[in-house]
Amino acid sequence: MADQSIKILRGRLLTFQASPQGADDSNSYSYEPDGALLISDGKILERGTYSEVFSNAPDDTQVVDHRPHLIIPGFIDTHIHFPQAQVIASWADQLLDWLNDYTFPAEIRFANKDHGTRIAGEFYNALLANGTTTAVAYCSSHPNSVDAYFEEAEARGMLMLGGKTMMDRNAPPELCDTAQSSYDDSKALLSKWHGRGRAHYVITPRFAITSTSEQLEAAGTLLKEHPECHLQTHINENHNEIAYTQELYPDAAHYLGVYESFGLLGSKTLLGHCIHMTGHELQVMRETRSIAVFCPTSNLFLGSGLFDKSGMESAGIRTAIATDVGGGTNYSMLRTLDEGYKVLQLQRQRMHPLTSFYWMTLGNAEALSLSDKIGTLEPGTDADVVVLNAHATPPMALRMETVETLSEELFVLQTLGDDRSIVETYVSGSPSKT
């Protein structure tokens with residue numbers, strides 16, 4: 001829960017105001033070599049130089065000195081699967097085989113609330129150990145799993161998004177709901193959790209293959225009734241998936257057209273993967289302001305393809321980046337950015353480290369329409385903060401002997417960093433690293 005005490009975090013501060021337009025775009029971020037955050041009741045009250053913040057602080061304010069480390073906003077993961085914590089690192093073929101061989105059997109176990117509660121504890125430990133303070137998760141089709149997920153988030157004071165997976169076909173009977181039950185369960189869970197503390201409910205049809213027209217219509221009805229909620233699903237990840245979707249929805253102009261026809265697209269719609277997009281699909285995404293979520297480690301692991309960031313953004317499409325555990329192979333957003341960098345390099349799209357760190361903080365917050373709360377160190381926002389050490393391992397320390405700029409340091413963290421680089425993770429002003 002939020003730390004009620006007043007404290008100062010001292011260190012080198014980095015926060016973004018906009019997407020960097022190049023290596024020299026110093027107007028897109030603020031960097032303070034000896035900075036401080038004044039924090040109370042889970043909020044950032046003041047940001048500035050240490051001398052300024054300390055002089056304005058109440059007497060006897062606790063000072064936590066993180067020098068010489070870097071203090072930045074907590075990382076945001078925009079696509080992850082809570083029930084797949086025990087599926088990560090499962091040797092597999094491609095998407096549909098992987099779902100049937102590993103994912104569905106693992107998700108069946110979440111009918112048991114005790115199992116969900118135990119996995120939730122480990123899941124959140126992994127997020128926080130890697131500096132992630134907010135994530136958007138798919139739970140299983142069982143309401144129990146949603147309760148386990150949000151109960152753990154509430155106990156830790158975290159701003160988390162998630163929802164019950166809706167699927168009424170092409171999955172084991174133990175996982176299938178119906179169009180009506182998925183609507184009823186989702187609506188009840190939404191009423192219970194959305195806006196409770198820091199919880200945000202997400203309407204969650206898994207993808208077109210596992211939902212009938214009736215269920216997608218129910219999801220669209222829910223979204224229309226609750227436009228304040230996000231919606232998440234998958235699209236155009238794998239060629240076999242796309243072909244199967246066309247068989248199931250032969251009247252749709254394309255894959256995205258399925259979701260469009262049921263009113264599932266909009267500024268809070270998170271579309272996982274978006275690898276094999278047609279020109280018309282890109283146009284529809286731009287018009288609806290739907291978000292394309294890049295999941296580099298799972299795209300590589302499952303052999304799905306390469307995300308075209310430049311093409312997406314040139315077409316005016318909003319983007320986010322995510323781990324996609326358990327198809328994704330690491331909870332770390334640093335490792336995710338490293339793999340994303342390589343995916344883009346293969347397409348001659350060179351991503352500057354300033355862009356990387358913007359993307360997993362303010363960029364992802366903007367994609368979630370939550371930049372007034374998270375992804376930044378601005379006064380008045382939630383005190384979700386991560387402290388980074390670019391000297392965390394001997395190879396990093398050796399490399400850092402030759403580093404001269406902030407951008408170089410960020411690239412070392414992105415390329416060589418992992419959970420060992422996380423000195424501390426603060427959630428609502430409380431230290432939370434396990």
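Author: The discussion below takes up a helix, ring pairs and salt bridges.

Author: This is a predicted model, in which local features need pLDDT of at least 70 and side-chain atom pairs count only at pLDDT 80 or more, while totals for chains, interfaces and linings use all residues. Residues are numbered from 1 along each chain as its sequence is written, and side-chain values use heavy atoms, with hydrogens and water left out.

Reader: What span should helix α2 have, and how far apart are its end C-alpha atoms?

Author: Helices (H or I, at least four residues) and strands (E, at least two) are DSSP runs, numbered from the N terminus. The expected span of a helix is 1.5 Å times one less than its number of residues. Helix α2 (residues 95–108) has 14 residues and should therefore span 20 Å; its end C-alpha atoms are 18 Å apart, which agrees.

Reader: Which residues of α2 are buried?

Author: Buried means under 20% relative accessible area, exposed over 50%, and partly exposed in between (1.4 Å probe, protein chains only). The buried residues of α2 include Leu95, Trp98 and Phe104. The buried residues of this helix pack against α7 (239–248) and α10 (296–301), where contact means heavy atoms within 4.5 Å.

Reader: How is a pair of aromatic rings described?

Author: Such a pair is described by the distance of the centres and the angle of the planes. Rings of Phe, Tyr and Trp (its six-membered ring) pair if their centres lie within 6.5 Å; planes under 30 degrees apart count as stacked, over 60 as edge-to-face and the rest as tilted. By this rule the count is 16 aromatic pairs. The rings of Phe16 and Tyr29 have centres 6.1 Å apart and planes at 55 degrees, so this pair is tilted. Both Phe16 and Tyr29 are buried. For Phe16 and Tyr358, the centres are 6.1 Å apart and the planes at 70 degrees, so that pair is edge-to-face. Phe16 lies in strand β1 and Tyr358 in helix α13 (residues 353–367), so the pair ties together parts 342 residues apart in sequence.

Reader: How many salt bridges are there?

Author: A salt bridge is a side-chain nitrogen of Lys or Arg within 4 Å of a carboxyl oxygen of Asp or Glu. The count comes to 19 salt bridges. In one of them, Glu313 meets Lys309 at 3.1 Å, N to O. Both residues lie in helix α11 (residues 309–314), 4 residues apart, about one turn of the helix. Glu313 is partly exposed at 36% relative accessibility, whereas Lys309 is buried at 11%.
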